[in-house]
Amino acid sequence: MDALLGNCSLDQLVKRKSHKWRTYPPDVLPAFVAEMDFMVAEPIAEAVREALAIGDTGYPYAGELGEAFASFAGSRLGWQVDPGRVFSIPDVMTGIAELLVAITPHGSGVVLNPPVYGPFFLRLGYISREVVEAPLSHADDGGYDLDFEALDGALGRSGVSSYLLCNPHNPLGRIWRKDQLLTIADLCQRHDVELLVDEIHAPLALGDAQHVPFASLDHPMAERAYTFNSASKGWNIPGLKCGVTVAGSDAAAQVLTDRWESLLASHHGVLASVAAFTRSLDWLDAVRRQLAENTELLARLLRERLPEVGYMPGEASFLAWLDCRKLGLGDDPAAAFLDRGKVALTEGPYFGSQGAGFARLNIGTSPELITEAVTRMAASV
Ligand SMILES: Cc1ncc(COP(=O)(O)O)c(C=O)c1O
């Protein structure tokens, strides 16, 4: 592994006190929640250390965040962003929930594409919005695809106010193509719905895969969309609490300005995000190279040791969606892996009913720990 990432030694990792490392007893290898095991980028550590050293522990000030994100979006995502339209948020889920409360009617429907990130369902429940499902379809190659007929039907249902699109998609790691985004844009425009786009995994596009930010499209919906991004996945700093929302128009920006008090990020998260977007790109590239290798390693390990498990390597990020239906472990194979193999994956049904028989494995770690995870999974079947 690149020296920038450390060596993911278990002796060190078990000292961490985060959700990933403390939820299960020490004999369980955690490979569930989306935290990576690499060392933090030095410019990020330095930014937080410097603040602590001078007692700079107050409330956040956005400062350079808009420029920092705009420079990252311009150089890495091919997207020209007006820094004045970039707003800090405490985290992506809070940003999404607050915006839905602000711009959609109480009780209205929000369209999702399951299987999809479980907290989407939870948050919509917390804010009394109805989940309207437009499930992904199964593609010929064993993967998934967007189902535009289902999406059209869902967006047209009475009471639907909005669409929450996840791109790159969690748990698949799929990056939706530009022509697909344009079809989405046409559908949203025709049905006159609000559009929120969660692009939190975009900094982790792997290899030659290119993420196209929705707001970079030449389409009227680009102005209407709210984009969510963050350094929290790409640079593994969810504990520092800062994400960004980019408003597509001045009117959208005003909505965010008005809600500043419910969207306060952590001061250290803002400082860390600036360091990430501007001074930690070599670290990001080291992670992207490692994750590309990890997806190949996982595919090979599964072929050798668990050939019944279906896996389509993702084009982004560090989450592997495993089709375990042929293993005969029921709706929740993760429960069997935990119980018999002492390895913790995320339960498939957490991503919607379409996740029955699946599990999600976190491969944001070293080749050694991925090998150990698969060895434990194989031992449990
Ligand atoms: C698609 C997606 N959105 C949001 C989040 C959560 O981000 P945050 O911690 O910024 O709320 C995650 C975390 O894994 C995610 O995968």
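C188 sits out of the solvent's reach: with a relative accessible area of 0%, C188 is buried. Keep in mind that this is a predicted model. C8 also falls under the 20% cut-off for buried residues, because its relative accessibility comes to 7%.

What about cross-links? A disulfide is a covalent bond between the sulfur atoms of two cysteines. Here the count is 0 disulfides. For C188, the nearest cysteine sulfur belongs to C166 and is 15 Å away. A disulfide would need the two sulfur atoms within 2.5 Å, so C188 is in no disulfide.

**Aromatic pairs**

How many aromatic pairs does a search of the whole structure find? The search comes up with 11 aromatic pairs. Two of them are set out here, using the distance of the centres and the angle of the planes, which is how a pair of aromatic rings is described.

| Pair | Centre to centre | Angle between planes | Geometry |
|---|---|---|---|
| F69 and W79 | 6.0 Å | 85 degrees | edge-to-face |
| W235 and F277 | 5.3 Å | 85 degrees | edge-to-face |

Take F69 and W79: the planes of their rings stand at 85 degrees, so the pair is edge-to-face. F69 belongs to helix α4 (residues 65-76), while W79 is in the loop between α4 and β2 (86-89), so the pair ties together parts that are 10 residues apart in sequence. Both partners are tucked away: F69 is buried at a relative accessible area of 0%, and W79 counts as buried at 4% relative accessibility.

Now for W235 and F277, which form an edge-to-face pair as well. This one links distant parts of the chain, 42 residues apart. W235 is in the loop between α10 (231-234) and β10 (243-247), and F277 is in helix α12. Are W235 and F277 buried or exposed? W235 is buried, and F277 is too.

The two pairs also belong together: F69, F72, W79, W235 and F277 make up one aromatic cluster.

**Out on the surface**

W260 tells another story. Its relative accessible area is 54%, and because exposed means over 50%, W260 counts as exposed. You'll find W260 in the loop between α11 (250-258) and α12 (267-279).

Definitions and conventions. Residues numbered from 1 in each chain as written. Predicted model: local features only at pLDDT ≥ 70, side-chain atom pairs only at ≥ 80, totals over all residues. Heavy atoms only, no water. Buried < 20%, exposed > 50% of the residue type's maximum accessible area, 1.4 Å probe, protein only. Helix = DSSP H or I, 4+ residues; strand = E, 2+ residues; numbered from the N terminus. Phe/Tyr/Trp six-rings, centres within 6.5 Å; stacked < 30°, edge-to-face > 60°.
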